[in-house]
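Here is a short report for a reader meeting this structure for the first time. Keep the sequence and the 3D view at hand while reading.

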Amino acid sequence: MTTLGTASAAPGEFDTGRLEVGETRDGSSVGLPVAVINGARDGQTLYMQAASDGDELNGVGVIQQVVPQLDPAELTGTILVVGIVNYHAFQIAQHRNPIDDTKMNRAYPGDENGTSSERIAAATFDVARQADIILDLHQGSTSRMINETRVRCGRRHRLHRECLELAKAFGVGYVLDQKGPDGQLARAGPDEGIPTIDPELGGCVGWDDESIRLGVEGVFNVLRYYGFLNGHVDLERQTRAKGFDQYGSPAGGLVSFEKELGERVSPGDTVFDVTDVFGKLKARVTADNSGVFWRSRRLPQVASGEYVCSVGTNVDTY
Ligand SMILES: [Zn+2]
């Protein structure tokens, strides 16, 4: 019998339930929606979570499509799912947990006696650490971003190769291979010896069908590649960036981009223009380095110094 919160499944069974992680301000209990898919045959365990950032719904869309397609009778091993991690932020469609104004993905591995986010991180990490593989489904918040997968353990980590392989198996085409900030699940997982990736499924307000489709495909690729499901996966070469150049606006006004997401950028290429309300050009910003146009703001209006876009740099393939 495998238990996750109130969900319990014997081999060959599926169950959903709630994982209690504390109480709301009115004293009612906070239970994250969870699922256990216990395969008919013994094997490894995969942990998957979504909405660690409360406005990142594509991962929830992926779980909503993946879970009904999983038949425990055909599964080897166990899949543990937390469908919505950042409970409080999800309720109000915000990125950060409003109870402590914290980004959940800076709170791992968490603290069961800590802040609201640390407690949720601790409760979910307790589940994640039982797994052999961790998928932490994110997206570039509500900005515009390519579909990519992040390897956050750092290139000197003992699990770096395994995390890169997992990112390749997920296979969305782009990988950011850069050590992440403290508190990310994609760092805490590898520190426990568990290969972990942070798929970043585009960026949108609400749901993006194409990003969700790629995420669903990525989860099934991983399940087949690691033997949870029958079937063969051909690993495809991934375009990897090892860093970012971030561009801010030199002037206030309205931004128009000269590059599409995923397009190659060479030094000196125009990346974006800033015009005034009457269409007069105020600034033209060119690329410092070569790379891939990776992410941009969604709204055109900017103040001087405000973030505009990112170019993935130091690009190769693997
Ligand atoms: Zn996120």
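## An enclosed strand

Start with strand 6, residues 76-82. Six of its seven residues are buried, so the rest of the structure largely encloses strand 6. Keep in mind that this is a predicted model.

## Partners of strand 6

Strands of a sheet pair through backbone hydrogen bonds, and they do so either parallel or antiparallel. Strand 4 (residues 29-38) runs antiparallel to strand 6, and five bridges join them. In one of these pairings, Val36 has Leu80 of strand 6 as its bridge partner.

Strand 5 (residues 41-50) runs parallel to strand 6. Six bridges join strand 5 to strand 6. Between strand 5 and strand 6 the chain passes through helix 1 (residues 58-66). This β-α-β crossover is right-handed.

Another place to look is an open sheet of four strands, in the order 17-16-14-19, with antiparallel pairing. Strand 17 (281-286) and strand 19 (301-302) stand at the edges. Each has a single partner strand, so one side of each is left without a neighbour in the sheet.

Two bridges join strand 14 to strand 19. Leu254 has Gln301 of strand 19 as its bridge partner.

Which strand holds Leu254? Leu254 lies in strand 14, residues 253-257. Its relative accessibility is 31%, so Leu254 counts as partly exposed. Together with Val277 and Phe278, Leu254 makes a nonpolar surface patch of about 370 Å².

Definitions and conventions:
Residues are numbered from 1 along each chain as its sequence is written. This is a predicted model: local features need pLDDT of at least 70, side-chain atom pairs count only at pLDDT 80 or more; totals for chains, interfaces and linings use all residues. Side-chain values use heavy atoms; hydrogens and water are left out. Patches are made of residues with over 30% relative accessible area and no salt bridge: like charges are joined within 9 Å, nonpolar side chains (Val, Leu, Ile, Met, Phe, Trp, Tyr) within 5 Å. Accessible areas come from the Shrake-Rupley method with a 1.4 Å probe; for residues, only the protein chains shown count as cover. A salt bridge is a side-chain nitrogen of Lys or Arg within 4 Å of a carboxyl oxygen of Asp or Glu. Buried means under 20% relative accessible area, exposed over 50%, partly exposed in between (1.4 Å probe, protein chains only). Two strands pair if DSSP finds at least two bridges between them. A crossover is right-handed if, with the strands pointing away from the viewer, the path from the first strand over the helix to the second runs clockwise.
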